[in-house]
Amino acid sequence: MGTDNDRVFDIEFMVRDLEGKISEYPEEHLNSLPTWKTFELSETLAELGDKLKMLTRRASIPHSGWMPEIGQSNQSGCRVAHRAEEKAVRRGLALVSLCGADCYPFYGRDSEKKILTHPKCGTCERLLDDQLTGTTHAPTSAAG
Ligand SMILES: [Zn+2]
């Protein structure tokens, strides 16, 4: 078990090694590579994939529970921040927020509190508030 820095170094090393190996193959011969060459490449790629998965596992919801949404940021680089629960549902690589927006945990544990630079989603704030106060949105009776 290595640290994340070790893993990043390993990955960088593997990618550079792959670049070197692949650049040795003239493009016109890529379709006729010897079997052992393609086996070697596929083994290396599988190992690289495992290392990348190890790194992404550490991606988790910041302590604040707020994450920037996926998509285009505005000109100043701001995205809307949405609230995600600790056990948020995943949709592909994204985590689904309270309001249903897809978010990536860009900031990991967000020790630098970068999420505070993004405006909070009003819908998520309302839903979170409802959760905390136990309010439900059951339709109120019009009778009386
Ligand atoms: Zn939201």
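Thr 44 is found in helix α2 (residues 35-57); helices here are DSSP runs of H or I of at least four residues, strands are runs of E of at least two, and both are numbered from the N terminus. The model is predicted: local features need pLDDT of at least 70, side-chain atom pairs count only at pLDDT 80 or more, and totals for chains, interfaces and linings use all residues. Residues are numbered from 1 along each chain as its sequence is written, and side-chain values use heavy atoms, with hydrogens and water left out.

At 12% relative accessibility, Thr 44 counts as buried (buried is under 20% relative accessible area, exposed over 50%, partly exposed in between, with a 1.4 Å probe and protein chains only). Not counting residues up to four places away in sequence, Thr 44 touches Met 14, Leu 18 and Lys 21, where contact means heavy atoms within 4.5 Å.

**Overall layout**

The protein has 3 helices and 5 strands, and from the N terminus on the elements run α-α-β-β-β-β-β-α. Of its 144 residues, 27% count as buried. Among the contacts with a separation of 6 or more, 57% come from residues 24 or more positions apart.

**Zinc site**

A zinc ion is coordinated by four residues at 2.0 to 2.4 Å. Donors are N, O and S atoms within 2.8 Å of the metal (3.2 Å for Na, K and Ca); water is not among the atoms, so sites may look incomplete.

| Residue | Donor atom | Distance range for the site |
|---|---|---|
| His 82 | ND1 | 2.0 to 2.4 Å |
| Cys 99 | SG | 2.0 to 2.4 Å |
| Cys 121 | SG | 2.0 to 2.4 Å |
| Cys 124 | SG | 2.0 to 2.4 Å |

The 4 donor atoms subtend angles of 99 to 120° around the zinc ion, so the arrangement is tetrahedral; four donors count as such if all angles lie between 85 and 135 degrees. Along the chain, the donors follow the spacing H-x16-C-x21-C-x2-C. His 82 in strand β2 (residues 81-83) and Cys 121 in the loop between β5 (102-103) and α3 (122-133) link distant parts of the chain, being 39 residues apart. Both His 82 and Cys 121 are buried.

The 12 residues of α3 should span 16 Å at 1.5 Å a residue, and the end C-alpha atoms are 16 Å apart, which agrees; the expected span is 1.5 Å times one less than the number of residues. The buried residues of α3 are Cys 124, Leu 128 and Asp 130. What covers the buried residues of α3 includes β1 (66-68) and β2. After α3 comes Gly 134, with a positive phi near 75°.

Arg 83 lies in strand β2. Leaving aside neighbours within four places in sequence, the contacts of Arg 83 include Trp 66, Leu 98, Cys 124 and Leu 128. Arg 83 and Lys 120 are 37 residues apart in sequence, while their C-alpha atoms are 8.2 Å apart in space.

**Sheet and loop**

In the order β3-β4-β5, 3 strands form an open sheet with antiparallel pairing; two strands pair if DSSP finds at least two bridges between them. The edge strands are β3 (90-91) and β5, each pairing on one side only. Strand β4 (residues 94-96) pairs with β5 in the antiparallel sense over 2 bridges, and the bridge partner of Val 96 in β5 is Asp 102.

Lys 113 lies in the loop between β5 and α3. Although Lys 113 is not a glycine, its phi is positive, about 55°. With a relative accessible area of 53%, Lys 113 is exposed.

How values were computed
Four donors count as tetrahedral if all angles lie between 85 and 135 degrees; four count as square planar and six as octahedral if opposite donors are over 155 degrees apart and all others between 65 and 115; anything else is irregular.
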